[in-house]
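Here are some exercises to work through with the structure open beside you. Try each task before you read its solution.

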Amino acid sequence: AEQKSNEIFTKPKVTFEDVAGLEEVKEELIEVIDFINQVEKYQKMGAKIPKGILFYGPPGTGKTLLASAVAGETKSSFFSASGSEFVEKYVGVGAKRVRTLFEKAKKESPSVIFIDEIDAIGAKRHLDSNNEKDQTLNQLLVELDGFNTDQTVVVIGATNRLDLLDEALLRPGRFDRHMFIGNPNVKAREEILRVHTKNKPLALDVKIEDLAKKTHGMSGAHLSNVANEAAIIAVRENQTTIAIKHFEQAIERIIAGLQVKNPSVL
Ligand code: ATP
């Protein structure tokens with residue numbers, strides 16, 4: 001089997017300012033950021049850097065965004081991969097990819113490795129099986145246990161389903177910090193809408209706090225779509241600003257889309 005590289009390596013410019021709401025999670029992450037930024041200070045005190053952080057919660061709530069902001073805030077290299085991309089039909093390929101990913105991250109340290117859909121590799125193992133998936137998970141455990149303190153590599157895993165994960169992955173020294181990333185409340189929706197309309201010309205009739213009230217049940221990803229759709233509708237109508245009616249049409253569209261997928265969502 002060929003050895004293709006499936007992760008993306010960047011130096012993100014994203015910071016906590018781009019992540020709206022999620023105040024408690026950000027506060028917890030500030031500790032981790034301080035660790036990465038001042039590794040030596042912590043080492044002198046004999047403290048070990050946290051290795052694995054798990055973000056769990058519904059889709060589109062900013063897990064990927066938050067992970068890249070951790071890299072941005074620490075000027076770290078950011079490696080982003082999806083768990084499903086590691087699982088291959090040839091035994092050993094996934095494990096090899098995990099090994100290569102960690103090798104690169106160590107070389108480019110300080111690094112943040114983000115593994116989305118970690119449940120694709122990290123789901124509970126079956127007692128008697130020894131398949132490709134188990135080898136991939138075992139390699140991930142080896143990597144988590146393996147790296148020493150002079151390489152600053154923080155691994156952030158994300159999943160919609162914490163309950164699916166193998167206990168071994170959650171043990172102390174591995175993914176031992178669990179942070180819930182939930183859907184935004186009205187205040188957070190307002191902040192997210194502000195972030196996503198910051199660089200857009202708004203008509204005077206647009207009240208962001210009213211839009212926040214009208215978007216109950218939406219995730220950050222939905223809200224970002226609302227702002228973008230509204231802009232597109234305004235362009236199609238040859239307007240120079242985005243008015244409340246454009247937002248209302250955009251909200252209707254997104255809600256209609258949600259109802260097709262899940263009739264009970266809103
Ligand atoms: P998934 O579980 O589907 O991978 P996710 O939780 O990783 O989703 P992101 O990919 O981070 O979600 O979010 C998608 C987009 O939605 C972001 O790029 C951003 O534009 C917007 N978004 C989501 N949450 C927020 C937030 N809290 N603040 C600002 N923008 C947000």
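**Exercise 1. Find how much area the chain exposes, and describe its overall make-up.**

Step 1. The chain exposes about 13800 Å², and carbon and sulfur atoms supply 51% of it; accessible areas come from the Shrake-Rupley method with a 1.4 Å probe, and for residues only the protein chains shown count as cover.

Step 2. Keep in mind that this is a predicted model: local features need pLDDT of at least 70, side-chain atom pairs count only at pLDDT 80 or more, and totals for chains, interfaces and linings use all residues. Residues are numbered from 1 along each chain as its sequence is written, and side-chain values use heavy atoms, with hydrogens and water left out.

Step 3. The chain has 11 helices and 6 strands. These are DSSP runs numbered from the N terminus, helices being H or I with at least four residues and strands E with at least two.

Step 4. Of the 266 residues in the chain, 45% are buried (under 20% relative accessible area; exposed is over 50%, partly exposed in between; 1.4 Å probe, protein chains only).

Step 5. Take the contacts (heavy atoms within 4.5 Å) between residues at least 6 apart in sequence: 78% of them join residues at least 24 apart.

**Exercise 2. Describe the surroundings of the ligand.**

Step 1. Start with the shell: 18 residues surround the ligand, and the closest are Ala 20, Gly 60, Lys 63, Thr 64 and His 196. A residue is near a molecule or strand if one of its heavy atoms lies within 4 Å of it.

Step 2. Look at the ligand's oxygen atoms. One lies 2.6 Å from a polar side-chain atom of Thr 64. A backbone N or O atom of Gly 60 is 2.9 Å from an oxygen atom of the ligand, and a polar backbone atom of Lys 63 is 2.9 Å from an oxygen atom of the ligand.

Step 3. The ligand taken alone exposes 630 Å², of which the protein buries 78%.

Step 4. Two or more residues of the shell come from each of α3 (63-74), α8 (186-197) and α10 (220-236).

**Exercise 3. Is Thr 61 buried or exposed, and what does it touch?**

Step 1. Thr 61 sits in the loop between β2 (52-56) and α3.

Step 2. Its relative accessible area is 8%, so Thr 61 is buried.

Step 3. The side chains of Thr 61 and Lys 63 are joined by a polar contact of 3.2 Å (a pair of N or O atoms within 3.5 Å; within protein, one must be able to donate a hydrogen and the other to accept it, and residues adjacent in sequence count only if both atoms are side-chain atoms).

Step 4. Not counting residues up to four places away in sequence, Thr 61 touches Leu 22, Ile 181, Gly 182, Asn 183 and Ser 219.

**Exercise 4. Which element gives the most to the largest nonpolar core, and how does Val 32 sit in its helix?**

Step 1. The largest nonpolar core has 26 residues, and Leu 29, Ile 53, Phe 55, Leu 66, Val 70 and Ile 156 have the most contacts inside it. Such a core is a set of buried Ala, Val, Leu, Ile, Met, Phe, Trp, Tyr and Cys residues joined through side-chain atoms within 4.5 Å.

Step 2. At least two residues of this core come from each of α1 (23-37), β2, α3, β4 (111-116) and β5 (153-159). Helix α1 gives the most, with 6 residues.

Step 3. Val 32 lies in helix α1, and its relative accessible area is 0%, so Val 32 is buried. Leaving aside neighbours within four places in sequence, Val 32 is in contact with Pro 50, Ile 53, Val 154 and Arg 177.
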